[in-house]
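This report goes through a structure of two chains. It takes the contact between the chains before the features within each chain.

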Amino acid sequence: MTDPPITADRPDTFPMDRRTSGCPFDPPPAARALQEDGPVHRVRLADGREPWLVTRYDEGKQVLSSLSVSADAANPGYPSASASGGGGGLSFILMDDPEHARLRRMVTAPFAIKRIEALRPVVQRITDDLIDQLLAGPNPVDLVEAFALPLPSLVICALLGVPYEDHDRFQAHSKTIIRRTTTDDERQEAFRELGAYLASLLRRKTAEPGDDLLTDIAGRVTAGDLTEGEAVQMGILLLIAGHETTANMIALGTLALLEHPDERDRLLDDPEPALVASAVEELLRYLTITHDGRKRVAAEDLDVAGTTIRAGDGVIVATDLANRDPDVYPDPDRLDLTRNPRNHVAFGFGVHQCLGQPLARVELQVVYPTLFRRIPTLARAVALDEIPFKHDGAVYGVYELPVTWCPVDHHTTTSASSTTGGNES
Amino acid sequence: MKVILEQDKCVASGQCVMAAMDVFDQRDEDGIAVLLTDEVADDQVEAVRHAAAVCPALAIRLAD
């Protein structure tokens with residue numbers, strides 16, 4: 001290393017480089033060193049700002065659930081590491097209560113546990129259809145493009161009530177938004193077209209209501225609770241928030257299981273629903289793909305483990321470190337699908353905790369066992385160090401995951417669907 | 001053991017329903033948590049304690 005020595009008055013830069021770690025699933029070693037050193041540190045962002053970094057579980061939960069912190073990105077102290085490329089559709093994510101609560105509560109009903117549970121057969125069908133197409137296509141193939149990205153997009157279509165004939169169009173826009181080679185202009189254009197499409201679909205749902213989320217939202221517009229613009233922003237938020245995150249968990253989780261064959265094998269033989277649920281929680285904990293941390297700004301002074309964070313200071317809660325806190329998770333770097341770490345903070349904590357988490361859970365609970373049951377010989381098609389990881393992404397994952405399988409060994413659709421029938425809980 | 005739920009804090013994450021389905025449910029209109037009972041049976045106490053610990057909005061408390 002040729003870096004100048006770090007002196008006590010110069011904080012470490014953030015985010016840190018994970019590539020110095022031997023394992024692509026582990027947080028950056030420099031961040032782990034800070035965690036060992038203490039729960040609260042100053043760090044330095046690329047723009048020169050110096051927010052606090054909270055590195056441990058208890059303190060992280062304390063900050064994220066504190067009424068003294070704000071999620072308002074317009075606050076000058078907000079520790080954004082980069083300029084926002086989100087297309088302005090972030091709606092209530094970056095607002096405080098009471099406005100945050102007002103808007104959030106308008107879209108929470110479809111994410112209730114029982115309603116999402118009712119979607120499980122739909123998720124299973126989408127998963128099986130995509131695996132059918134995968135097995136009928138080229139081998140090797142990029143699992144991200146052929147499976148991980150289309151799956152959540154199709155599930156969101158089902159949830160929102162996007163008609164089947166519009167799926168291709170919807171998929172094309174969301175693909176453009178996510179693709180890393182998309183220019184800013186192209187991305188803005190895709191957001192604009194998606195917004196125009198959602199606005200026209202909302203009007204259709206007003207005229208012909210269905211049993212879906214866009215019909216609910218259209219009803220709020222008719223009742224005067226929401227403007228059409230707010231409704232469209234919400235539709236876009238639900239798409240982008242649930243698409244790339246879930247896709248990254250599908251691809252990165254699959255890779256993590258391929259790298260831990262003993263753990264993968266637990267999912268092979270018709271696993272108990274409780275084990276599948278535990279496996280998904282453990283993969284969420286172990287991978288914590290929101291590796292840039294959860295960003296806040298102190299609205300008033302608060303004390304965190306003896307350090308005073310002043311009003312106006314930026315705070316970043318490193319949830320990836322919190323989920324590897326050895327005081328909470330013994331042997332935290334070990335992937336153990338039986339661990340059932342139900343208290344992890346991969347979805348955040350506090351009033352902004354992920355709204356779509358029940359849907360993400362059902363998707364992942366369906367995807368991993370189905371994928372490995374139907375393609376038990378699934379394997380990496382390239383060396384681990386040839387896989388492009390999203391070190392530069394706002395959400396961690398892989399840009400591509402070339403996979404291969406033994407063609408005679410995969411299960412047919414018929415046998416798979418008869419197996420899955422007994423697997424639903 | 002009694003359980004106290006502050007509905008105006010609730011953010012409808014559904015964590016309590018996952019933790020203790022016999023004690024918590026969600027309103028149809030907005031997913032906000034509701035209590036199915038405020039008296040917690042002995043065999044539910046641990047599940048409700050867990051629900052309180054994972055509630056992201058700190059809206060659940062246990063009281064004697």
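## Contact between the chains

In this predicted model, 16 residues of chain A are in contact with 16 residues of chain B. On the side of chain A that touches chain B, α3 (99-107) and α15 (357-374) each supply at least two residues. By class, the residues on that side of chain A are 7 nonpolar, 6 polar and 3 charged.

## Chain B

Chain B contains 2 helices and 4 strands, arranged along the sequence as β-α-β-β-α-β. Its radius of gyration is 10 Å, close to the 11 Å that the globule rule gives for 64 residues, so chain B is as compact as a globular protein of that length. The C-alpha trace of chain B spans about 30 × 20 × 15 Å along its principal axes.

Of the 64 residues in chain B, 44% are buried. Among contacts in chain B between residues at least 6 apart in sequence, 56% join residues at least 24 apart.

## Confidence in chain A

The average pLDDT of chain A is 89, and 91% of the residues score at least 70. Residues 81-89 of chain A have a pLDDT below 50; this stretch has 12 contacts in the model beyond near neighbours in sequence. Residues 413-425 of chain A also have pLDDT under 50. For residues 413-425 the model has 13 contacts beyond four places in sequence.

## Packing of α5 and α7 in chain A

Two packed helices are described by the angle between their axes and the distance between the axes. For helix α5 (residues 120-136) and helix α7 (residues 150-160) of chain A, the angle is about 140 degrees and the axes are 10 Å apart. The crossing of α5(A) and α7(A) is right-handed.

From α5(A), the contact is made by Val122(A), Val123(A), Ile126(A), Thr127(A) and Leu130(A). The residues from α7(A) are Pro150(A), Leu151(A), Leu154(A), Val155(A) and Ala158(A). Sorted by class, the contact of α5(A) with α7(A) has 9 nonpolar residues, 1 polar residue and no charged residues.

## Cis peptide bonds

The peptide bond from Asp97(A) to Pro98(A) is cis, with omega near 10 degrees. Pro98(A) lies in the loop between β4 (69-70) and α3 of chain A.

Asn139(A) and Pro140(A) are also joined by a cis peptide bond, and omega here is about 5 degrees. The loop that holds Pro140(A) runs between α5 and β5 (141-142) of chain A.

## Positive phi outside glycine

Asp270(A) is a residue other than glycine with a positive phi, near 45 degrees. Asp270(A) is in the loop between α12 (261-265) and α13 (273-287) of chain A. It counts as exposed because it has 11 C-beta neighbours inside 10 Å, and the cut-off for exposed is 12 or fewer.

Asn340(A), also not a glycine, has a positive phi near 50 degrees. Asn340(A) sits in the loop between α14 and α15 of chain A. With 17 other C-beta atoms within 10 Å, Asn340(A) is partly exposed.

## The surroundings of Ala322(A)

Leaving aside neighbours within four places in sequence, Ala322(A) is in contact with Arg56(A), Tyr57(A), Gly60(A) and Val345(A). The C-alpha atoms of Ala322(A) and His344(A) are separated by 8.1 Å, with the two residues 22 apart along the chain.

Definitions and conventions: Residues are numbered from 1 along each chain as its sequence is written. Chains are lettered from A and ligands numbered from 1 in the order in which they are written. This is a predicted model: local features need pLDDT of at least 70, side-chain atom pairs count only at pLDDT 80 or more; totals for chains, interfaces and linings use all residues. The radius of gyration is taken over C-alpha atoms; the globule rule is 2.2 Å times the number of residues to the power 0.38. A residue is buried if 20 or more other C-beta atoms lie within 10 Å of its own, exposed if 12 or fewer, and partly exposed in between; C-beta atoms are placed from the backbone. Two residues are in contact if their C-beta atoms, placed from the backbone, lie within 7 Å. pLDDT is the predictor's confidence in each residue, from 0 to 100. Axes are lines fitted to C-alpha atoms, for helices over the stretch in contact, and angles run from 0 to 180 degrees between N-to-C directions. A crossing is left-handed if the near helix is turned anticlockwise from the far one by less than a right angle, and right-handed if clockwise. Ala, Val, Leu, Ile, Met, Phe, Trp, Tyr, Cys and Pro count as nonpolar, Asp, Glu, Lys and Arg as charged, and the others, Gly among them, as polar.
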